[in-house]
Amino acid sequence: MPNNSTLYFSRLWQDGEVLSSMLKDLFKPKPKYVTIRRPEERGIQPGQPEKKELPDGLWVKCNNCRQIIYHKDLEANLKVCPKCNYHFRLRAGERIAYLFDAGSVQESNSGLISKNPLGFPEYEEKVEKARKRTGLNEGVITGVAKVKNIPCVFSVMDFGFMGGSMGSVVGEKISRAFEYAAEHNLPVVSVTAGGGGARMQEGIISLMQMAKTCQALNRLQEKGIFYLSILTDPTMGGVFASFASLGDVVIAEPGALIGFAGPRVIEQTIRQTLPPGFQRSEFLLEHGIIDLIVERKNLRETVARLLRFHQRDQVGKEEVSKDA
Amino acid sequence: MRNEDSYSMDFEKPLRELERQIKEIELFAKEKEIDMSEEIARLQAKEEALKKKIYSELTRWQKVQIARHPKRPTFLEFVAMIFTDFLELHGDRLFRDDPAMIGGLAYLDGIPVTVVGQQKGRDTKENIYRNFGMPHPEGYRKALRLMKQAAKFKRPIITLIDVVGAYPGIEAEERGQGEAVARSIMEMAALETPIIAVITGEGGSGGALGIGVGDRVLMLEHAYYSVISPEGCASILWKNAAEAPQAVEALRVTAEDLLELQVIDEIIPEPLGGAHHDPEKTAQIIKEALIRHLTPLLEYTGERLLAERYEKYRKIGVFEEIESDQESTGE
């Protein structure tokens, strides 16, 4: 794989200006760096561990090895610590920029907005805040894109939007994505990041999104269309216990927290301290729950390889993509 | 009627007090050999009226307490009263037989069906054996195996749901609790046989939905069904699990709430005082509802069944759709 870092630079989008900045990119193909904004602008919720996000300034302290990293080095390394390989969490826009071909991304259903079906206290305010902070209307971006020229339907969740939780809109957009893919015979690449799973503020309605997304996924499976699920830190609860764990191939980034029940809930239930590495990607691989752990720098290439393996008109051919 | 002495819910205290008074007077009358039947009848009428009043004004939290009542009929008790000739089938064929999830064959009013549900224990010993009715992944895999078997032989599926939640434990995670629940949900959506799910007690999130996808979803009057445990929600919102009564008000977890939200199809009424006051009568009411809902479904073609089931879940969700100025870009 050729060095793609220059391409990545040109593809990096500012939070909240995902698509308009893409258009700008077309006319201004110079390298462009993500502006690191203040924590309160960056979607850090009260009580949410701030250390997971990149702090201000030129220098960044790694959450894992605590070493100081030059911010531009971190950006150049796809937000992976060059010293210890710790994978920082990505915003949905960043993930899309890293994963898909520049100029190939078409977002769909971006105008879906949450309501407050239960009249849950302070829900509208929380959604409004998340919208302002992330520039997204909801916690998932869906659409069509290409990976090394192979078209696919995608859904990418954003942990910064209410912890990447799945409410009506997330469930609806993901279901529509699966349905669109089934209708148009396109493979699906899903990237999940959801700390809590189903969105508590929408109560039983959000639990039902698990059924809604799973049944839509089933249509895809019945038509023999490839579905790739990429789990990133964290993928838990109702997101993991529905479409996220049902990929034909399931990939995780290294060190991601992935599981059904939250570690604290488990600790309180069994009254024991959990073993080190519990519910991390490596634990899941060891126990046969995922297919692969793929480092971020190899993710785009691996996704392309998997999509190529499943291209229907490519059966029997080992094709090397020229435009990589 | 069962003996209520061992466990009483707070909101029933005035009732217990009246019962105590009645007993005292009966004893007194017997001792002194005087006729106090009029006084007793008056108090009994008062008790009945009070009971009706209490049960017509239950808060959401009080309903949760009834759903969790240790004497509430469990899966096997309901099965014995609703169905005939129940034959339990064991194992997921992969790891082990999970005693927290039970499945098997039975007749519903002469129709062969597959029955699946979580099993809570009656006492501490049985609860330890049943893991308090919280299934491991092998429980969901067993349930799915039996449900697929049902579809193969065109047997309708009845699931009875009563679960705090799928078990949160180390081994459960090791064996893929998330995947087991997810696969069951996905495959239930496509089983070509009628499915009726009944929430009889606790509807604990994914642990309930894992066997809860159906053509009809019914719910007992005092059951609850929630995306998160009331205590879990309270600890997140108010940093205090003791605020659970407030949390269920916000989460809206009762049968009435869910009917209004169009997540369930019907509320199955319970005898006054809750299912545990008259399990036999409760079972008869459930049986009647099951037959009434299953009969028309038996006439459906597989295609219609799956199309309507899809539509049932497809339409759940509340959102608005605004014009977006950023609908597409690139190329």
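**Exercise 1. Describe the contact between chain A and chain B.**

Solution. Start with the counts: 57 residues of chain A are in contact with 52 residues of chain B. Contact means that the C-beta atoms, placed from the backbone, lie within 7 Å. The model is predicted: local features need pLDDT of at least 70 and side-chain atom pairs pLDDT 80 or more, while totals for chains, interfaces and linings use all residues. Residues are numbered from 1 along each chain as its sequence is written, and chains are lettered from A and ligands numbered from 1 in the order in which they are written.

Next, find the elements. Those giving two or more residues to the chain A side include helix 2 (18-27), helix 6 (168-184) and helix 7 (203-222) of chain A. Helices (H or I, at least four residues) and strands (E, at least two) are DSSP runs, numbered from the N terminus. Helix 7 of chain A gives the most, with 14 residues.

The chain A side holds 32 nonpolar, 21 polar and 4 charged residues. Nonpolar covers Ala, Val, Leu, Ile, Met, Phe, Trp, Tyr, Cys and Pro; charged covers Asp, Glu, Lys and Arg; the others, Gly among them, are polar.

**Exercise 2. Find the strand pairing that links the two chains.**

Solution. Take strand 4 of chain A. It is joined to strand 9 (residues 319-321) of chain B by 3 bridges, and the two run antiparallel. Pairing requires at least two DSSP bridges between the strands. Now pick a position: Ser114(A) stands opposite Phe319(B).

**Exercise 3. Which side of helix 4 of chain B holds its buried residues Phe75(B), Phe78(B), Val79(B) and Ile82(B)?**

Solution. Apply the cut-offs: buried means 20 or more other C-beta atoms within 10 Å of the residue's own, exposed 12 or fewer, partly exposed in between, with C-beta atoms placed from the backbone. Phe75(B), Phe78(B), Val79(B) and Ile82(B) in helix 4 (residues 75-82) of chain B are buried. They cover an arc of only 100° around the axis, so they lie on the same side of helix 4 of chain B. The arc is taken over directions from the helix axis to the C-beta atoms. Among the elements covering them are strand 3 (111-118) and helix 13 (279-297) of chain B.

**Exercise 4. Trace the pairings of strand 3 of chain B.**

Solution. First, strand 2 of chain B: 8 bridges join it to strand 3 of chain B, antiparallel. Ala106(B) stands opposite Val113(B). The two strands form a hairpin with 2 residues between them, and Asp109(B) in the turn has a positive phi of about 50°. Second, strand 4 of chain B pairs with strand 3 of chain B in the parallel sense over 4 bridges. Here Val115(B) has Ile158(B) as its bridge partner. Last, burial: 6 of the 8 residues of strand 3 of chain B are buried, so the strand is largely enclosed by the rest of the structure.

Notes. Two residues are in contact if their C-beta atoms, placed from the backbone, lie within 7 Å.
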